[in-house]
Amino acid sequence: MAAGNRRRDEAIIKVTGLKNSFGDQVVHENLDLEVRRGEILGVVGGSGTGKSVLMRSIIGLQTPDAGTVRVFGDADTDEEAAEAVKVRKRWGVLFQGGALFSTLTVAENIQVPLREFYPDLDPVLMGQIAAYKVVMTGLPPEAGPKYPSELSGGMKKRAGLARALALDPELLFLDEPTAGLDPIGAAAFDELTRSLQKTMGLTVFLITHDLDTLYAICDRVAVLADKKVIAVGTIPELLALDHPWIQEYFNGPRGRAATASKERGEAETPAPDQTHARPAGADTTDDRPAGAVR
Ligand SMILES: Nc1ncnc2c1ncn2[C@@H]1O[C@H](COP(=O)(O)OP(=O)(O)OP(=O)(O)O)[C@@H](O)[C@H]1O
């Protein structure tokens with residue numbers, strides 16, 4: 001397909017027949033998943049169902065026992081080194097906990113991918129790009145020269161996000177970005193994710209246990225259980241399924257609370273909210289600015 005003619009429902013990630021195991025423990029067996037261009041796909045599943053291993057398989061940090069992983073439709077992440085580097089430039093990753101280098105400042109952390117992929121870039125320009133990413137992720141400019149130990153949990157996540165966005169990626173991987181944040185900080189991070197996704201045209205693969213995040217910003221949700229993706233769809237589509245884990249997850253006490261909170265939010269919002277349960281790729285009019293740093 002020509003670059004200028006990309007359909008928004010095209011698969012930007014296509015995982016087919018994936019198998020992963022550690023010794024005798026089979027984590028994935030015959031797992032299939034497609035992520036569509038421009039969507040925020042939430043990935044949920046019980047602890048240990050293999051969400052992070054799936055993400056690591058997609059970004060090439062985990063070699064599967066079987067199956068194929070194609071990203072951007074044109075390259076396998078374990079293909080030849082030069083090709084893999086080209087592909088890696090097009091995505092950014094926020095690992096669980098932020099994974100910032102503790103001996104580097106925020107600005108230096110953001111410059112790590114720039115130095116890796118563009119070692120000849122003018123240091124002044126590198127500094128300017130880092131400063132821009134700091135502000136873009138809602139951090140105060142003074143955060144640039146700070147070390148991770150001097151930041152709050154929410155600021156660390158934003159710094160990790162700024163580093164993930166250093167190369168202006170098309171695809172963003174977020175592993176439990178709101179874990180450990182207070183509800184207000186988590187909501188602000190959700191808002192930031194949605195806002196960046198829209199302004200940068202990002203596709204987002206988002207692992208989360210946070211039901212509020214699913215309702216607030218995910219276009220579709222993929223459910224991992226029984227070693228595979230057992231369902232993928234909008235939340236209303238998932239709710240119509242009869243699977244016990246899905247029912248327990250979305251209709252348990254926390255699921256009901258998240259639904260009620262979402263409905264309250266919609267009732268208080270005069271304009272229709274198109275940020276959830278809509279077909280991936282549909283246009284949206286939600287132009288809220290990114291939340292303030294917390
Ligand atoms: N490098 C590894 N060596 C051995 N086992 C591993 C390794 N990485 C993951 N596992 C195992 O694979 C399983 C899936 O792990 P993974 O971290 O993907 O789960 P998860 O769904 O992301 O869990 P959580 O929601 O708790 O973060 C777990 O049983 C884990 O112990």
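## Strands β6 and β7

Strand β6 (residues 91-94) runs parallel to strand β7 (residues 171-175), and four bridges join them. Strands here are DSSP E runs of at least two residues, helices are H or I runs of at least four, and both are numbered from the N terminus. Two strands pair if DSSP finds at least two bridges between them. L94 stands opposite L174 in β7.

Both faces of β6 are covered. W91 and V93 are buried on one side, G92 and L94 on the other. A residue is buried if 20 or more other C-beta atoms lie within 10 Å of its own, exposed if 12 or fewer, and partly exposed in between, with C-beta atoms placed from the backbone.

## Model and numbering

This is a predicted model: local features need pLDDT of at least 70, side-chain atom pairs count only at pLDDT 80 or more, and totals for chains, interfaces and linings use all residues. Residues are numbered from 1 along each chain as its sequence is written.

## Overall make-up

The protein has ten helices and ten strands. Of its 294 residues, 40% count as buried. Among contacts with a separation of 6 or more, 68% join residues 24 or more positions apart. Two residues are in contact if their C-beta atoms, placed from the backbone, lie within 7 Å.

## The sheet

Six strands form an open sheet with mixed pairing. Their order is β6-β7-β8-β3-β9-β10. The edge strands are β6 and β10 (228-233), and each pairs on one side only. The twist averages 15° from one strand to the next. Axes are lines fitted to C-alpha atoms, for helices over the stretch in contact, and angles run from 0 to 180 degrees between N-to-C directions.

Strand β3 (residues 40-45) pairs with strand β8 (residues 203-207) in the parallel sense, over four bridges. β3 also pairs with β9 in the parallel sense, over five bridges. G42 stands opposite L206 in β8, and V221 is its bridge partner in β9. β9 is mostly covered, with five of its six residues buried.

## The β9-β10 hairpin

β9 and β10 pair in the antiparallel sense over five bridges. A225 has K228 in β10 as its bridge partner. The hairpin has two residues between the strands, and D226 takes a positive phi near 55° there.

Helix α1 lies across β3, β7, β8 and β9 (220-225). It runs at about 145° to β8.

Which helix gives the largest share of the shell around the ligand? Helix α1 (residues 51-58) does, with three residues. The residues around the ligand are F22, V27, G45, S47, G48, T49, G50, K51, S52 and V53. The shell divides into three nonpolar residues, six polar and one charged. Ala, Val, Leu, Ile, Met, Phe, Trp, Tyr, Cys and Pro count as nonpolar, Asp, Glu, Lys and Arg as charged, and the others, Gly among them, as polar.

## Helix α9

In helix α9 (residues 244-251), I246, Y249 and F250 are buried. Seen down the axis of α9, these buried residues fall within an arc of 85°, so they line one face of the helix. The arc is that of the directions from the helix axis to the C-beta atoms. The face turned away from the buried side carries the exposed residues P244, E248 and N251.

## Y147

Y147 sits in the loop between α4 (123-136) and α5 (153-164). Y147 counts as partly exposed because it has 15 C-beta neighbours inside 10 Å. Leaving out residues up to four places away in sequence, Y147 touches S102 and T105. L100 is 47 residues away along the chain, yet the C-alpha atoms of L100 and Y147 are separated by 9.3 Å.

Most residues other than glycine have a negative phi. N30, in strand β2 (residues 25-36), has a positive phi of about 55° although it is not a glycine. N30 is partly exposed because 13 other C-beta atoms lie within 10 Å.

D168 is found in the loop between α5 and β7. D168 is not a glycine either, and its phi is positive, about 50°. With 12 C-beta neighbours inside 10 Å, D168 counts as exposed.

Terms used. Near = placed C-beta within 6 Å.
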